[in-house]
Amino acid sequence: MATEEKVIVIDFGGQYNQLVARRVRECNVYCEIYSYRTPIDQIKAMNPKGIILTGGPNSCYEDGAPTYTKELFELGIPVLGLCYGAQLMMHVLGGKVEKAPVREYGKTETFIDGSKDTLFAGIEEKTIVWMSHFDYISKVAPGFDIIAHTADCPVAAAACEDKKLYAIQFHPEVLHTVKGKEILHNFVRNICETAGSWRMDSFVENTIKEIREKVGDGKVLLALSGGVDSSVLAALLARAIGKQLTCVFVDHGLLRKNEGDEVESVFGPNGNFDINFIRVNAAQRYYDKLKGVEEPERKRKIIGEEFIRVFEEEAKKIGTVDFLAQGTIYPDVVESGLGGESVVIKSHHNVGGLPDYVDFKEIIEPLRSLFKDEVRKAGLELGLPEYLVFRQPFPGPGLGIRIIGEVTAEKVRIVQDADFIYREELANAGLEKLPDQYFAALSNMRSVGVMGDERTYDYAVVLRAVETVDFMTAEASEIPFAVLQKVMSRIINEVKGVNRVMYDLTSKPPGTVELE
Ligand code: XMP
């Protein structure tokens with residue numbers, strides 16, 4: 001990655017910081033996020049082709065507000081300031097920023113007044129942008145021209161073409177800005193004069209080379225879960241070092257129907273790769289540990305701890321390995337507070353943490369610089385099947401948290417079969433890619449029914465399907481009623497032990513996506 005041309009995003013705490021970086025990469029230019037606290041010398045040493053300053057929640061004229069040294073604008077490197085970044089650029093360079101008489105929020109009609117051959121090349125005179133600000137630029141800095149305005153905002157954008165400095169009040173990274181991608185493309189590719197060579201095929205090729213150099217003839221161990229990240233990592237390592245890689249796949253008996261066999265068919269002895277693959281069928285161990293346990297957090301804890309025990313046992317059999325590979329990806333790094341300015345949302349056990357239960361010398365994290373969609377592209381490049389690469393999210397504790405109350409082998413069988421039918425029928429209806437996540441869960445409720453002439457007293461299955469952008473909030477999907485009816489009738493007819501099917505309408509908040 002060291003030789004790759006790059007654009008740097010300096011993060012002022014804006015909520016769209018990762019999105020800005022992703023949009024840059026969509027222009028085929030590599031991009032990294034750094035906090036505004038990063039010293040200028042460090043930024044200079046990276047020799048970026050361009051710099052983007054993000055939005056942020058502060059007012060740049062207040063004491064203690066995040067700022068950056070003026071020198072940044074004197075490096076001869078193109079700089080694009082977005083929202084707070086734009087205001088800061090004006091503030092630092094001698095313009096004026098004040099509280100706006102009217103707060104602008106939402107889709108806003110904007111008139112383009114300049115930079116029609118550079119930043120706004122190919123953009124119509126009137127365009128819709130996404131605004132979200134309470135401060136505004138009341139006077140541009142010396143040497144800048146106003147290049148866009150709105151009804152309420154005299155400076156929607158300003159430019160100093162000679163120095164390639166651009167300040168825009170709106171958010172081009174958000175899809176509501178109709179020509180946002182084009183504007184970013186103009187900056188990243190044309191103004192920064194980048195070649196645009198960041199592509200997944202070259203990433204895969206270069207990373208394979210890097211892994212070979214780093215690993216030499218050493219041994220690498222990977223815990224393979226069958227999820228997207230660890231599967232892509234396994235494929236990448238397999239291509240790079242073949243038999244020097246050992247993948248341990250712990251089947252905890254809480255996977256979806258056939259999932260264990262699917263993972264084995266790709267990575268096992270008859271699969272696509274020449275590696276050491278160990279499948280541990282630990283279902284009974286997990287069921288024994290979970291016997292009588294009803295409390296959701298306790299279940300999560302037991303499942304997590306048991307994974308460590310099983311993995312540890314397998315690792316001991318293998319003996320000392322040189323490297324432990326982990327499927328850390330870029331959002332994990334940023335959300336752990338290591339890149340950018342975002343608060344620590346969750347500390348990922350796998351970022352920088354060294355598990356002390358495996359005997360190894362070093363951690364390698366070859367996917368550390370990739371966003372999820374890029375991991376998927378790399379997976380396709382590596383020849384992984386689409387069903388693996390486009391898998392919907394599946395929680396680590398698996399069906400353990402989709403079975404309300406005590407987990408038993410019988411309940412696992414019920415929820416696996418019901419979930420399988422649900423997925424099959426959504427696929428038959430051509431809807432399998434519509435909800436962002438969908439699954440069947442097993443409520444702990446049993447109720448009376450009739451089947452034939454018999455009275456039944458069986459379980460109720462809950463169907464869930466949600467639309468969400470970031471899984472922090474979610475809405476129930478509008479699955480057509482006829483499809484739900486078909487799923488209901490198949491589950492009741494084909495899955496023994498179920499006499500009732502319900503559809504969960506709850507949004508998040510107040511609910512969560514998973515039932516436990
Ligand atoms: P919730 O239920 O918190 O789910 O609204 C949001 C997303 O996170 C997944 N999820 C988990 N993933 N371990 C995981 O690895 C967990 O314990 C866990 N709980 C929820 C869930 O599937 C959804 O995508």
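Q: OK, where does proline 509 lie?
A: Proline 509 lies in the segment after S18. Helices (H or I, at least four residues) and strands (E, at least two) are DSSP runs, numbered from the N terminus. This is a predicted model: local features need pLDDT of at least 70, side-chain atom pairs count only at pLDDT 80 or more, and totals for chains, interfaces and linings use all residues. Residues are numbered from 1 along each chain as its sequence is written, and side-chain values use heavy atoms, with hydrogens and water left out.

Q: What kind of peptide bond joins lysine 508 and proline 509?
A: A cis one, with omega about -15 degrees. The bond from proline 509 to proline 510 is cis too, with omega near 10 degrees. Proline 510 also sits in the segment after S18.

Q: Switching to the core. Which residues touch the most other members of the largest nonpolar core?
A: Leu221, Leu254, Tyr422, Val461, Leu463 and Ile491, out of 47 residues. A nonpolar core here is a set of buried Ala, Val, Leu, Ile, Met, Phe, Trp, Tyr and Cys residues joined through side-chain atoms within 4.5 Å. Buried means under 20% relative accessible area, exposed over 50%, partly exposed in between (1.4 Å probe, protein chains only).

Q: Which element gives the largest share of this core?
A: H13, with seven residues.

Q: And where does this core lie relative to the domains?
A: Domain 2 (200–389) and domain 3 (408–503) both contribute residues, so the core lies between them. Those bounds come from an automatic or database domain assignment.

Q: What is isoleucine 491 in contact with?
A: Beyond its neighbours within four places in sequence, isoleucine 491 contacts Ala418, Ile421, Val461, Leu463, Val498 and Val501. Contact means heavy atoms within 4.5 Å.

Q: Sheets next. What is the strand order in the five-strand open sheet?
A: S12-S11-S10-S13-S14, with parallel pairing. Two strands pair if DSSP finds at least two bridges between them.

Q: Which strands stand at the edges?
A: S12 (276–281) and S14 (362–364). Each has a single partner strand, so one side of each has no neighbour in the sheet.

Q: How many bridges join S10 to S13?
A: Three, between residues 220–224 and 323–325. Leucine 222 is opposite alanine 325 there.

Q: Which strands does helix H6 touch?
A: H6 (residues 228–241) packs on the sheet, against S10, S11, S13 and S14. Its direction makes about 155 degrees with that of S10. Axes are lines fitted to C-alpha atoms, for helices over the stretch in contact, and angles run from 0 to 180 degrees between N-to-C directions.

Q: Which residue is the bridge partner of valine 9 in S2?
A: Isoleucine 33. Six bridges join S1 to S2 (residues 30–35), and the two run parallel.

Q: Then glutamate 374, buried or exposed?
A: Buried, at 5% relative accessibility. Glutamate 374 is in helix H11 (residues 372–381). Leaving out residues up to four places away in sequence, glutamate 374 touches Arg25, Trp198, Met200 and Ser369.

Q: Last one: what is the phi of asparagine 47?
A: Positive, about 50 degrees, although asparagine 47 is not a glycine. Asparagine 47 is in the loop between helix H2 (40–45) and S3, and is exposed, with a relative accessible area of 60%.
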